[in-house]
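Subject: Handover of a structure and notes on its geometry

Dear colleague,

Please find below the structure that I am handing over to you. My notes follow it.

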Number of protein chains: 2
Amino acid sequence: MATIYDVAKAAGVSPKTVSRVLNSDAPVGRETRKAVEAAMSDLGYVPSNAARMMRSNRSGLIGLITGALSHKLEPMEPTGLPDLYIVQGIQRVMAGSGKTLMIADTGGMSAKVPELVRTFLQHRVEALIYVADYHRKVTFDTGAGHCPVVLVNCFDADGTPAILPDDEQCQFDLVTDLIRSGHERIAYLTLDPAMVAGELRSKGYRAALEAAGIPYDGALEVMARENVEDDDGGLLQRALDSVLALDRPPTVICCGNDEMALRLYGLIRSRGLRIPEDCSVAGFDNYRAIAETLYPPLTTVELPYQAMGRRAAEIALGMINGESEQPAGSEMVPGPVHWRSSVTALNSVTKFRSNTGSTFS
Amino acid sequence: MATIYDVAKAAGVSPKTVSRVLNSDAPVGRETRKAVEAAMSDLGYVPSNAARMMRSNRSGLIGLITGALSHKLEPMEPTGLPDLYIVQGIQRVMAGSGKTLMIADTGGMSAKVPELVRTFLQHRVEALIYVADYHRKVTFDTGAGHCPVVLVNCFDADGTPAILPDDEQCQFDLVTDLIRSGHERIAYLTLDPAMVAGELRSKGYRAALEAAGIPYDGALEVMARENVEDDDGGLLQRALDSVLALDRPPTVICCGNDEMALRLYGLIRSRGLRIPEDCSVAGFDNYRAIAETLYPPLTTVELPYQAMGRRAAEIALGMINGESEQPAGSEMVPGPVHWRSSVTALNSVTKFRSNTGSTFS
DNA sequence: CGAAGTCATGACATCGGTGTCATAACAGGC
DNA sequence: GCCTGTTATGACACCGATGTCATGACTTCG
């Protein structure tokens, strides 16, 4: 592979002049420039980033660690691909930034992360972005390497900058919209509260009730999914029956996610109830394969994964440029409520404006 | 960031000795080694790949260019994610090879490819892999840079090594299995033959008939999908009616892909026919969201995208090591037939063994 | 016309590792 | 005791760019 010396010799100039043509950081005579450019193209010269980096100490690389690529990709598995969306968002911002994004996949084994970090540090990446596949707490260690780190869809104990989905705000917005449309008896069939997302969503649910002055009724909030392998759905059935058996049964049932709503549709109908006339249903995730396909289409709320990715990329770039001193800690990104016909309005208000940019479809 | 000189000074040895500890390419005294290792860990030393590369001229990098990450990811869009599967296959092989895979996404704009190639060449990647999103012809130019290139899911005019799905063989296998189960009047509603995949599948269909000694009837092979925006499905309806109206109508209808089969199910039933009793149906792609969900489940054939990715990675590694001189030209990878109940057996053979590793589910 | 400023260019050192060769200490064989 | 061989280590050049400084030619201004 041709070097800058080969080009210099071929053009009859000094290497430094070739360098000046490459970077246009100093004036070069017209004839000289032409000769150099001709030599470069003759020799198929491509400058070496490695050599360039040794002087400048700027690699132009951003490291991205994720497991998004190794997902099973079973299209019918009712799980979105949150991390893939996040990666897309990051990719989009980086593409326009002049930095080169290096993506490394864990292959599903988080034990490989330290090795990948090491490789990235050897390449002197200017920032590291770690994308988790679901909202959770992690420990992310770069060794002693003091490289800017941004966590996405996860957070650690050290206050590393983190971009997180605002599960709480989303659930709050959804329940608030339900209340505005006249619902007061609002059940919530929750995910396992051991999951970060589950706990936050519950908080949002209660906060929305409180903000509206509706007393919290513990009987309306029931765990309906355990984070275990052999969850056969019995938990959901019992949860549904327990809220339907209340003296004042709910007029709407919120689900921990859209998948749960999908199964709930069948259970509710097998109890002889109509959706939404006898019982409204709301989900969480806006997993469109479910939400738009169900009849009636499902009211749900969306976590803004692409936007999270974009935001993470912006923060990483900002840290590189030293703009933001210490973005310190986590940043929540809320997402829109998708209002569909699985929820019926109980009051006379036929139209209302949400404060959260809800969409109607 | 600490350098090898800092470590040397801290350990009271020469930089070269530190280098020897790093690479264990020469004996080092036990005490010396311990001192060096202590210094490295104290300083959080990480060797610079850039500097290392300058001497060795081996970057340890493989460049991967794809559009897989920027797909729309609409889960209900009846299209698989072939290139994402391919990337997974490549990733898997590379992870075990000691090379670092750099993934660059085109963001859907193929015009950005030359720029990405240039960036990769600047990083002195040892090989370049280009993954296309559907089987097609491309031109892929690395400039004068003589870097090994492997194309996946596409091919060019210059005989660049290419890994391709064996559309023809797959369709051949599927039709052959149909014939074995007693079908002789086999219709084929094709994709637009302007598509590479469409043409190859048609060839496979005809070859299977010929191999079985069944005369080809042009009236049974009808184009049912044009590669245009406003394809409203009318073409498919007319194609179906034309084959059903024949004197000897088909006993089984093959579709250009699973999506077409999905729509065909509805059309066939609206004609008052039962599947598979009155008319069997076969698809192409094994797009599981469709094939496994339909009732009855769809017999179809799968293109082996993951395997293609793995094979491409192996070939790239082989070219780097100079093993395979010139793998020259393209390599076809066949995939398995998935035999499901959308096809009924017309003969008395209840069980048969395919020569192509069919699966039964 | 001389001083100062701009333009175009080259010599040389440097970044952080590693390959080559030299050196020193010490062992064993004759 | 001398030669040869092994082990452990260092000095030094080099990979391919670029930053710094110097140089010579030419322009401009007072």
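Predicted model: local features only at pLDDT ≥ 70, side-chain atom pairs only at ≥ 80, totals over all residues.

Residues are numbered from 1 along each chain as its sequence is written, and chains are lettered from A and ligands numbered from 1 in the order in which they are written.

Chain A

Chain A contains 12 helices and 13 strands; these are DSSP runs numbered from the N terminus, with helices (H or I) of at least four residues and strands (E) of at least two. Its C-alpha atoms occupy a box of roughly 95 × 40 × 40 Å along the principal axes. The radius of gyration of chain A is 27 Å, whereas a compact globule of 361 residues would have one near 21 Å. That radius is taken over C-alpha atoms, and the globule rule is 2.2 Å times the number of residues to the power 0.38. Of the 361 residues, 47% count as buried. A residue is buried if 20 or more other C-beta atoms lie within 10 Å of its own, exposed if 12 or fewer, and partly exposed in between, with C-beta atoms placed from the backbone.

Pairing of the chains

Chain A is superposed on chain B by a rotation of 180° with 0.0 Å of shift along its axis, at an RMSD of 0.1 Å. The two copies are therefore related as by a two-fold rotation axis. In chain A, A50(A) has the C-alpha nearest the axis, 2.2 Å from it. The superposition is by least squares on the C-alpha atoms of residues with pLDDT of at least 70 in both copies.

Contact is made between 40 residues of chain A and 41 residues of chain B, where two residues are in contact if their C-beta atoms, placed from the backbone, lie within 7 Å. On the side of chain A that touches chain B, α5(A) gives the most, with 7 residues. This side divides into 20 nonpolar, 14 polar and 6 charged residues. For these classes, Ala, Val, Leu, Ile, Met, Phe, Trp, Tyr, Cys and Pro count as nonpolar, Asp, Glu, Lys and Arg as charged, and the others, Gly among them, as polar.

Nonpolar core

The largest nonpolar core has 203 residues, of which I129(A), V152(A), I129(B) and V152(B) touch the most other members. Such a core is a set of buried Ala, Val, Leu, Ile, Met, Phe, Trp, Tyr and Cys residues joined through C-beta atoms within 7 Å. Leaving aside residues up to four places away in sequence, I129(B) touches residues including I62(B), L64(B), V152(B) and A316(B).

DNA strands

DNA strand C is surrounded by 26 residues, the closest being P27(A), G29(A), T32(A), I4(B) and S19(B); a residue is near a strand if its C-beta atom, placed from the backbone, lies within 6 Å of it. Elements giving two or more residues to this surface are α2 (15-23) and α4 (49-56) of chain A together with α2 (15-23) and α4 (49-56) of chain B. Around DNA strand D there are 26 residues, of which I4(A), S19(A), P27(B), G29(B) and M54(B) come nearest. The surface near DNA strand D has 11 nonpolar, 9 polar and 6 charged residues.

Yours sincerely
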